[in-house]
Structure formats: structure tokens, C-alpha cells
Amino acid sequence: MATEILMPALSPTMEEGTLAKWNVKEGDTVTAGDIIAEIETDKATMEFEAVDEGIVGKILIEEGTEGVKVNTPIAIFVEEGESTDDLSAASAPAEAAPAAEATHESAPAAAKPAAPVEVVSKASPDFPEGTEMKQQTVREALRDAMAEEMRRDETVFLMGEEVAEYQGAYKISQGMLDEFGSKRVIDTPITEHGFAGIATGAAFGGLKPIVEFMTFNFAMQAIDHLINSAAKTLYMSGGQMGAPMVFRGPNGAAARVGAQHSQDYAAWYAQIPGLKVVMPYSAADYKGLMKTAIRDPNPVIFLENEILYGKSFEVPVLDEFTIPFGKARIWREGTDVTIVSFGIGMTYALEAADKLAEEGISAEVIDLRTLRPIDYDTVLASVMKTNRCVTVEEGWPVASIGNHLSATIMQRAFDYLDAPVINCTGKDVPMPYAANLEKLALVTTDEVVAACKEVTYR
Amino acid sequence: MAPRKSASKTTSSNVSKDELLAYYKDMLLIRRFEEKAGQLYGMGLIGGFCHLYIGQEAVVVGLEAATKEGDKRITSYRDHGHMLACGMDANGVMAELTGREGGYSKGKGGSMHMFSKEKHFYGGHGIVGAQVPLGAGLAFSDKYKGNDNVTFAYFGDGAANQGQVYETYNMAELWDLPIVFVIENNQYAMGTSVQRSTKSPSLWERGAAYGIEGEEVDGMDVLAVKDAGERAVAYCRAGKGPYILEVKTYRYRGHSMSDPAKYRTREEVQKMREERDPIEAVRSILLTGGHASEDDLKAIDKDIKAVVNESAEFAKTSPEPALEELWTDIYA
Ligand SMILES: Cc1ncc(C[n+]2csc(CCOP(=O)(O)OP(=O)(O)O)c2C)c(N)n1
Ligand SMILES: [Mg+2]
């Protein structure tokens, strides 16, 4: 019987990949465990092993093909003695299946009505209008920011698990070991508490460490040093010494990695005096804010997001591009409601604004970008204009960033409010693994839309 | 104390046919199960992280052979083999991997987080090293209650560098806790080889600093593992305190599903598979010792495939958890 070999999912976030190379050709006999192809995922180039034995009957996807969706048939294996004539029959329906799915997916988009509200996106205040731009992923922007700062300042170094030889567990430090050598790009054992302490001591000693946590979930092993050692020493020493350093890594939910690996620490760190806390959304912000973080004389918690790593944005081509902390960015101007978010929450905020526009509701969308300091003024000015506010974040609802903003708005703009502020957050549960439950646990665009309608009484 | 290297070798002479067949079946079940899990992951039916145990089967099968009812076990995220070896149901494990209602955690835990009170399996932990003090706590509870149960705490060579392991060693010895610390040294922590993470020549000898006995074991030899397990268990049951087994093993597959595999050569993996495979070793004892024929083994293979296929079918057809489950089990 002919078996279809499907494009495999090789990472939690992989939706499509590049079929980089075929290691077999039609007619080859394959046994279980043989490497049949090399596939490039969002994280790595991986070898694809055959799980069963068979003969390569037909290769359906040429090597070098990019954007091959997971589960697309890429080859057909036959058994010994099986005629290749059966192949056309076997491959035809299989190839038709994903195509049908694709048209189904695009159907609702085509049916969208024209937006009645005009969308005004304010130019970025971070660089002059007319600056040359290039497309970059968040991943590339982060690496460029670190590499540029390491070229500029000898005391900056990167340390963490798998940052050097492995090129980064999420490929953020790709190529950095080659450029800077093992003195400045340092692999550590799996000992977060230890290396966070060592890095903090090194910062006391006058260096500027960048500590990568493979994910911020593992920084909980080290949180004592982040808070008790890094954040408080400047104060405790009466200003004599502090910890000029960056703690960075992916934060929040990825995709189906369960309760211990899916937690948003934004509100946790934002509570700590002595820390600065950054949680960007766009690649340009990742770049400009990372450069600022490295130059800042304080410990900076830099919260990244795995799902955003592969997302592309326009990034300015400038030799010196930094973005100051404490300046929110207005992504979209509007008059009816203010949506405030940060990090991956911006995805829902912007999607919601698009949907609301179709229904004639004009939303102003603000990206806080830094959570300590917070740009209250931009938020308050917007709320005074729209008289309504919805906050969006992936973290838990109790003592959230949204709670804090609501209190601030209440105190400083009470008379301007036409409705109570609504906080859209992740649900008050540990992250479940099951696909359907995980979707429910996360904040959704629909919830943001509903909240905006509620505060605008629509 | 007298730490030592384990001397046992695979000698079939004093091992019964039934015992050999049982090890063969248990190891084969894990291997076929894991291969199937890899397939389901590739098809998108399993999400997130999925750490396969292929190559390491002799470790859990050998050690489980040294346990008695009431003994406890706890491990990391690379946990499928441990669950099957302690008698948990393949259907329930596979359905947890697909995040379905029929899974051991009703689909809420996933590959890394499964538990079975009935089988005294205390998880499935995602934070490297966390299961070590937790395991000592389980042992503490048995000692407190005054029974003679033993806890097996499994952790990796990478985890062996975590500070909490050494805090635990100190207290476990101080309080004579009945725990076997099993270091599954598969030579790599993700892409970092043991040589790149420590300069200490062996991991089990670190116990000496705390006065803990231990030994190194050939983890590709299920009989050697079982022997060492029996020694460790006897020591713990006698109330002498903890014991360390550093079991030298090897994982054939990537760390999780996405692994660029640049940190070791294809030849290194191939050589292990060809020369040291734990299942092949028992298979050859069975055949050369006249305990089983090729046909007998084929029949076993077929039965195991059927069990695994059924688990996959169950895992595909078991429904997703009810939406209300999002809000249950947060508080007791
Ligand atoms: C505290 C912590 N740090 C980092 C990680 C990410 N991580 C998961 S598994 C792993 C490697 C562990 O290797 P080892 O202990 O040898 O076990 P193995 O995977 O080989 O079974 C790492 C770094 C984690 N889960 N927890
Ligand atoms: Mg290991």
C-alpha cells in the first residue's frame, strides 16, 4: 500500500517550513531511522527520519521549496513490488486536501466589508520621517541590537544556556559566538540561580552582562538574584554600586507547552523598584529598546515572546537607533475607545481595532513598550480624548498591569471616564495543555472587541 | 562508605526466561510507543514539547524490576518511558499527549505533566532539577509514616548541575531518607555534552561530599541496571539513607522534537544504535540462549504494535476535554 509522507511539524510553533534538501531519490529503499530529508523550521534545520520502511515512489515537493505547510504530502512511499502506476491515484486526493483547506481559510477574509472608519496610523516618533526602512524579524532585530552594542562596548557580554555553540535555543544569538568568541558569548550549565548571581556580581565588578534565560519560566530559579541582588544593591549601597545588566528571554505562552512553561511575568517584575521592565511588540522596538537596555545603568528585565520572534516588521536603517524607556507608541489613532496593551497583547489589540473599525467604532491603540517606567501621560491624554479604556495582556487578572492602569486612570482622569475601564487578561487558571482549553485560557481578539463595545455601549 | 563502579555484566546464566522476556516486552513497548508518539507529533496531533525516551529504555525497565508495590517514582519531562514501565496504561498516556479527555491528566497536563496516584507516579516535571527535592519529600513522607517504601527520583546529567540537587543530597543523607537518586546520564543536556557542562569526572561521586553511597551503571544493559537497582533498594529499605545510581545511557532522538542535532555526529548515534542497543542485547540473549525463536519474537512485536496502535487510535478518538474543565482542579 502506498503511504503518503507528510510535511512534519518539528517544533511547537511551526506552521510551515522549507524543504531544504532531499537525501533520497525516487526508487531508493528506505528503512526506519534513515534521514530522508532536511527541513528548515522556524528554529532550526532538522533532519527528517523515516518512521517506516518503504521505497521512495514519488517526490511531490521539490527540494528548496519554501513555505510548505505542515501535513502537506511531500512524498509517497510504496512497498516492494508495488507498481508506480498506483501513484497518481494515491497522490491526487492527497494534494487536493490542503488546497481545499486553504481556500476555506481565506474565505472569511474575502467576505469582509469595507472599513467605514478611516485608519490613521501615526508615524513612529522614534526616528525621522523618511528614514530608510528594512523588513526584519524580531529575532534578527534582537541579534543585531546585541551585536551592535557588543561591538561598541567591550564590557558587554552574553551568557546563558545554549547561547554559544547551539546558536541559541530560539536562535536569537545565531552567529554571535563566531563574531565575538567564547570569552564574550558564554554557554552555562543549567544552573540559573548560579549564573544569574555570577552575572550580577560581574555587573557589580564593572561589566555589562546580558543574561539569556532560555525562557523566563526558568528565571524563577534565579529570581532571588534578580530582585534581592540586582534590583536593590544601588539603593542599599547608598548609590555606590549597582547592576548595569540585562536579563532577557522569551516570556509568556508559546504554543501548547503546558502550565510550567507558559507564564507571563510582566506584572511580577513591573512591581519591583530598582528594575526597569521592557516588553516590546514590534521588531523596531525590540531593536531600539534592547540597545537602550544594554546602555542603561540599571538592571533591565527584557521580556520577549517566542511567537513574535518569527514575525517581520519594518526596522529603520540607522547607525544609532535607540528608543528611550517610558515612551509609549500610538499605533493607531482613534476617537471612541483607547486600547492599551504591550508585547504580544498588541496582536489582539490591533486585530480588535480592525474589527471595530468595520463596525464603525474608532479605537486608539497604545503600545506601552516599557512597563517600568510606564508612560502614563500618553495613556491619560488618550483616555481624556476617547473617555473609555480597555487594557489587554496575556498575564493573569489579579494585580495585573491593567489593574494598575485602571487605578491610575481613575485617580487622574476620573471625570473624563464614560465607562469603567475593562481589563482583558489571560484567564485565572494555570495554562492547560489541551488545544481547545489553551485557546480559552488566553485572551482573545473577540474578548477585546466585546469589551470595547461594552465601554462604548454598542 | 565505599563508592564503586558497578561490576555486573549481562550474563543470562542466572536470569530466567520469563524475566528476560518481560524485560524485552517492556522495553519494546516503550520504543514502539515513542516511535508512534514521534509520528503523531509530526502529524500535528501532539503539540508543544515532546521528549522521547528512545535508547534509554533499559534504565526504567531495569529499575522497575527492583521495586515493590508502594515504591514511588518521580521524573522530568522525559517521562513516557517511566509511566509505561511502572504499569500505567498506554492509552491514557497517549491520550494525554494528544490533549484529550481520556489522558491521565484529562488533557490538561500534556507530555511533560502526567501523574498516577494508583501507580505511585508523581510526575512529569518541566523545570530541570525540581523533581529531585520533590522526590526527597516523597521519601520523607514514607520515613515519617514508618513504612519501608523507597522513592526513585530520576534526573538528567544536565539537571545534576542544579543547586537544589545538592541541597537535597545534604538533607537526604542528614535525615537518612529512603531515596534512590537516579542520574540518567545520556551524555547531553539539549546540545551541551557533559564535558562542556562540568569538569568533575563523574556525577555520582559528587555524593561523596555529602557522605552518600553510589555507583555507576551501564544503562544499556538492563540486567546490570536491575542488579544495581536491587543493591540500591536494599540499602535504602534497610534504613541506611539515600543511594546514587549514575546510569550511563544514550538518547537516540533529538532533545525534543525540534533539535538541529549539530552537537553530535550522525556516526556517534549510529554507533550506539548498532553496538549498544539495549533491546537488541536482550533479543540476542533470548535467541542464542534458546529462550525464544525468531517467530516468538515476531509474535511479541506484533502484539506490542497492536497495543501501541490501539493507544494511538484511542488518543485520536478520545474527545477534547469539556470546556468547563478549564476552571476545575485549581483548588481542592
Ligand atoms: C530550570 C530549567 N532550565 C532550563 C530548562 C530548559 N531545558 C529543558 S530540558 C533541558 C536539558 C536537560 O538535560 P538533562 O538534565 O541532561 O536531561 P535530558 O533532557 O537529557 O533527559 C533544558 C536546558 C528547564 N526546563 N528548566
Ligand atoms: Mg541528559
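**Magnesium site, chain interface and a buried aspartate**

B:Asn186 is buried, its relative accessible area being 5%, where buried means under 20% relative accessible area, exposed over 50% and partly exposed in between, for a 1.4 Å probe and protein chains only. The model is a predicted one, in which local features need pLDDT of at least 70, side-chain atom pairs count only at pLDDT 80 or more, and totals for chains, interfaces and linings use all residues. Residues are numbered from 1 along each chain as its sequence is written, chains are lettered from A and ligands numbered from 1 in the order in which they are written, and side-chain values use heavy atoms, with hydrogens and water left out.

B:Asn186 takes part in a metal site: its OD1 atom coordinates the magnesium ion (ligand 2), together with OD of B:Asp157 and O of B:Tyr188, at 2.1 to 2.2 Å. Donors here are N, O and S atoms within 2.8 Å of the metal (3.2 Å for Na, K and Ca); water is not among the atoms, so the site may look incomplete. Along the chain, these donors follow the spacing D-x28-N-x1-Y. B:Tyr188 is also buried, at 9% relative accessibility.

Turning to the interface, 50 residues of chain B are in contact (heavy atoms within 4.5 Å) with 51 residues of chain A. The two chains bury about 4,100 Å² between them, 58% of it on carbon and sulfur atoms; this buried area is the accessible area (1.4 Å probe) lost on putting two parts together, summed over both. On the side of chain B, B:Phe49, B:Ile127 and B:Leu326 lose the most area to chain A, together 15% of what that side buries.

B:Arg253 forms a salt bridge with A:Glu49, with the closest N and O atoms 3.3 Å apart.

Within chain A, A:Asp285 counts as buried at 0% relative accessibility. Its side chain makes a polar contact with the side chain of A:Arg369 at 2.9 Å; such a contact is a pair of N or O atoms within 3.5 Å, where within protein one must be able to donate a hydrogen and the other to accept it, and residues adjacent in sequence count only if both atoms are side-chain atoms. Not counting residues up to four places away in sequence, A:Asp285 touches several residues, among them A:Asp126, A:Met290 and A:Asp367.

Key:
Salt bridge = Lys/Arg side-chain N within 4 Å of Asp/Glu carboxyl O.
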